[in-house]
Amino acid sequence: MSDKSYNVLFLCNANAARSIMGEAILNRVGAEKFKAFSAGSQPKGTVNPYALQLLKSLNYDTGFARSKGWDEFAKPDAPEMDFVFTVCDSTANETCPVWPGHPMTALWAIPDPAKAQGTDAEMHLAFADAYRMLNNRISLFTNLPMDALDHMALQQHLDEIGRDAPKPN
């Protein structure tokens with residue numbers, strides 16, 4: 001087994017909820033093998049309070065959480081990414097920076113919980129659903145036999161994770 005550590009960037013528009021949750025989840029479940037980051041194409045500047053509340057309730061340290069632009073990760077001194085996962089449909093249609101090292105990419109679209117409407121309980125449920133979907137996809141990803149897959153097979157698995165992951169009810 002390889003001792004390689006992989007850098008992973010989660011992208012979204014605002015970098016306020018889904019990408020932040022993806023960063024938190026992967027840094028917990030994949031801590032031995034992965035280092036996660038998050039960014040947005042149009043960062044909101046603040047992290048959604050429902051996302052922070054959910055992460056705190058699940059015993060995540062949220063000190064890392066800040067909304068930032070993806071340009072931070074396209075600079076020459078930025079960590080070189082091995083994987084870039086877009087977690088919202090609209091960012092997938094934007095022109096992304098050219099990432100140093102040409103990482104593998106995949107669309108893992110998750111419905112935006114910040115667009116949910118309703119009671120406080122319904123808002124919490126929307127964020128919990130997004131978290132569950134991200135957690136499922138990240139769990140599948142972290143269990144891939146990276147050393148045993150060639151580039152094309154790995155890309156196929158990454159695409160399938162985004163396509164076949166459970167959808168909300």
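Predicted model: local features only at pLDDT ≥ 70, side-chain atom pairs only at ≥ 80, totals over all residues.
## Salt bridges

A salt bridge here is a side-chain nitrogen of Lys or Arg within 4 Å of a carboxyl oxygen of Asp or Glu. By the same rule the count comes to 5 salt bridges.

Side chains of opposite charge can pair when their charged atoms come close.

## A buried pair across the sequence

Glu23 and Lys68 form another of the salt bridges, at 4.0 Å from N to O. Glu23 lies in helix α1 (residues 18–29) and Lys68 in the loop between α2 (49–57) and β3 (83–86), so the pair ties together parts that are 45 residues apart in sequence.

Residues under 20% relative accessible area are taken as buried. Glu23 has a relative accessible area of 7% and is therefore buried. Lys68 counts as buried too, with a relative accessibility of 7%.

## A pair within helix α4

Arg132 forms a salt bridge with Asp129, and the closest N and O atoms are 3.9 Å apart. Both residues lie in helix α4 (residues 120–142), with a spacing of 3 residues, about one turn of the helix. Arg132 is partly exposed at 31% relative accessibility, and Asp129 is partly exposed at 23%.

## Nonpolar cores

The largest nonpolar core has 40 residues. Those with the most contacts inside this core are Phe10, Met21, Phe83, Phe85, Trp108, Phe141 and Leu158. At least two residues of the core come from each of β1 (6–12), α1, β2 (34–40), α2, β3, β4 (104–107), α4 and α5 (151–164). Helix α4 supplies the largest share, 8 residues.

## Surroundings of Phe83

Phe83 is among the residues with the most contacts inside the largest core. Leaving aside neighbours within four places in sequence, Phe83 is in contact with Tyr6, Asn7, Val8, Leu9, Pro103, Met104, Phe141, Met146, Leu154 and Leu158. Two of these partners, Phe141 and Leu158, are themselves listed with the most contacts inside that core.

Methods:
Residues numbered from 1 in each chain as written. Heavy atoms only, no water. Helix = DSSP H or I, 4+ residues; strand = E, 2+ residues; numbered from the N terminus. Buried < 20%, exposed > 50% of the residue type's maximum accessible area, 1.4 Å probe, protein only. Core = buried A, V, L, I, M, F, W, Y, C linked by side-chain atoms within 4.5 Å. Contact = heavy atoms within 4.5 Å.
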